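User: Please go through the labels attached to this model and say what each one rests on.

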Amino acid sequence: MKTKGTKSKKIKLPYGDGSIYYVESRKRYSGQINLVIDGERVRKTVYGKTERETRNKLKELQIQALAGNLHGKKPPVPTIFQYAEKMMDEQLALNEIRQSSYDRKMETLKMLSAISNIPLDELTEDDIIAFFKTQLDYSQSCINKMYQLLGAVLSKATHRKIIEDNPIKEIKCPKSNKKTIPVRALTVDEQKKLLNVLKNEDIRYSDIMLLSMFTGMRIGECCALTVEDINLDDRTISVNKTVARGKYGKNVFNETKTSAGTRTLFVNDDVADFLRTIIGRKKSGLLFMSSNHNLVTTNQVNYSYSAALKSFGIVDKTVYGRVDLHSLRHTYATRCIESGMPAKVLQKILGHTDINITLNTYCSVFEKFRNEHLAVADEYMKANNLQIA
């Protein structure tokens, strides 16, 4: 269908010819010009209220085309995976996150594989809801990580105007179907039983378990220790790395879980003698090694630990809570609290970034400790006839 208007008027522009004509239906002047963009000849159209305004717009198009600022095709919108990887690469390069955090985020990104190949501008609320409906059998911790990473990616994409609206902003973090049973410390009786087994039975990696139980170190931190990290004269352990799963499933040294995780632990004579026995004649190298002289992994220790608990009936099933490998660290922390250690001191020993982590993790133990001491204070005041009524 032809548009009514004045006859096309050919005009001479600085770098070529164009044409301008008035479009009655639009009440505007229309200008058209052929340009070479990305190696292809492209016809562009502009509109203006006056012939002069339209001419200036055509001139501007010519200048932008010659400068290489115009592109024929809009670059494709990245997928969730592509943009997440780019975002994390930037964060690592700017030291916003550590290598250990980067590796953990990459593992979380793999869990988003069902939607990670969807371009950002095609992802909808319905896609996100449908995805999380299939993830509810994971632990709450896993769901939180997936939700947080996806949220960060979409927030960044919205901020950079890659997408106009954030499809996750109205979606709350889903709740796991799994009942969360907290990891607990070993009771004193359970700890005595386990000590007896680890000292007197042939349990593989028992030394690593004992070290965690009497220092509060994470198993990965124990596995990463070298002879050079131990100073028997000062009775200290330098905790500065951990064993983690790197690219392609290879076990590697990594930074500690947090910056606060890098710390110096002071040990008593008992632990120092234990370490002296382990070191023996070694001058350097790993403190603990697998049978094929490689790094010992947390999974290897966990397999041996779980088998020992089961074989020797260590766990009292009448006590609420889940006993796993991390219970060794919890056991050390609990004994410290029971002995009267202040939370701030324990925070430094455990390598927690924030004292609230320490207080929240061991709140029930601190509560029990506080109540026991209040009872002692009450008895003291009663014995001295110091009562309010």
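**Labels and their grounds**

User: Why is Tyr-205 called buried?

Analyst: Tyr-205 has a relative accessible area of 13%. Buried means under 20%, exposed means over 50%, and partly exposed is in between (1.4 Å probe, protein chains only). Tyr-205 is therefore buried. This is a predicted model, in which local features need pLDDT of at least 70 and side-chain atom pairs count only at pLDDT 80 or more, while totals for chains, interfaces and linings use all residues. Residues are numbered from 1 along each chain as its sequence is written, and side-chain values use heavy atoms, with hydrogens and water left out.

User: What makes the backbone of Tyr-205 worth a note?

Analyst: Its phi is near 65°, a positive value in a residue other than glycine. Most residues other than glycine have a negative phi. Tyr-205 sits in the loop between α6 and α7. Helices here are DSSP runs of H or I with at least four residues, strands are runs of E with at least two, and both are numbered from the N terminus. By that rule the protein has 14 helices and nine strands.

User: Why is Lys-59 placed in the class it has?

Analyst: Lys-59, in helix α1 (residues 51-66), is called partly exposed because its relative accessibility is 31%. Its C-alpha atom is separated by 9.4 Å from that of Gly-18, 41 residues away along the chain.

User: How do you know that α7 is mostly covered?

Analyst: Eight of the 10 residues in helix α7 (residues 206-215) are buried. They are Ser-206, Ile-208, Met-209, Leu-210, Leu-211, Ser-212, Met-213 and Thr-215. Just after α7, Gly-216 takes a positive phi of about 80°.

User: What describes the packing of α7 on α11?

Analyst: Two packed helices are described by the angle between their axes and the distance between the axes. The axes of α7 and helix α11 (residues 327-338) come within 6 Å and cross at roughly 35°. Axes are lines fitted to C-alpha atoms, for helices over the stretch in contact, with angles from 0 to 180 degrees between N-to-C directions. From α7, Met-209, Ser-212, Met-213, Phe-214 and Thr-215 meet Leu-328, Arg-329, Thr-331 and Tyr-332 of α11; here contact means heavy atoms within 4.5 Å.

User: Why is the pair of Phe-131 and Phe-132 called edge-to-face?

Analyst: Rings of Phe, Tyr and Trp (its six-membered ring) pair if their centres lie within 6.5 Å; planes under 30 degrees apart are stacked, over 60 edge-to-face, and the rest tilted. Phe-131 and Phe-132 are 5.1 Å apart centre to centre, with 70° between the planes, so the pair is edge-to-face. Both Phe-131 and Phe-132 are buried. Ring pairs also join Phe-131, Phe-132 and Tyr-147 into a cluster.

User: What makes a set of residues a nonpolar core, and how many residues has the largest?

Analyst: Such a core is a set of buried Ala, Val, Leu, Ile, Met, Phe, Trp, Tyr and Cys residues joined through side-chain atoms within 4.5 Å. The largest has 52 residues, and those with the most contacts inside it are Leu-194, Ile-208, Ile-237, Leu-287, Val-301 and Leu-328. Elements giving two or more residues to this core include α6 (188-200), α7, β6 (236-239), α9 (269-279) and α11. Apart from it lies another core, of 27 residues, among them Ile-97, Met-106, Met-146 and Tyr-147.

User: Why is Leu-275 called buried, and which residues is it in contact with?

Analyst: Leu-275, in helix α9, is buried because its relative accessibility is 1%. Leaving aside neighbours within four places in sequence, Leu-275 is in contact with Leu-211, Ile-230, Leu-232, Ile-237 and Leu-287. Leu-275 and Leu-211 are 64 residues apart in sequence and 8.6 Å apart in space, C-alpha to C-alpha.

User: What share of the protein is buried?

Analyst: Buried residues make up 38% of the 389 residues. Among contacts between residues at least 6 apart in sequence, 59% join residues at least 24 apart.
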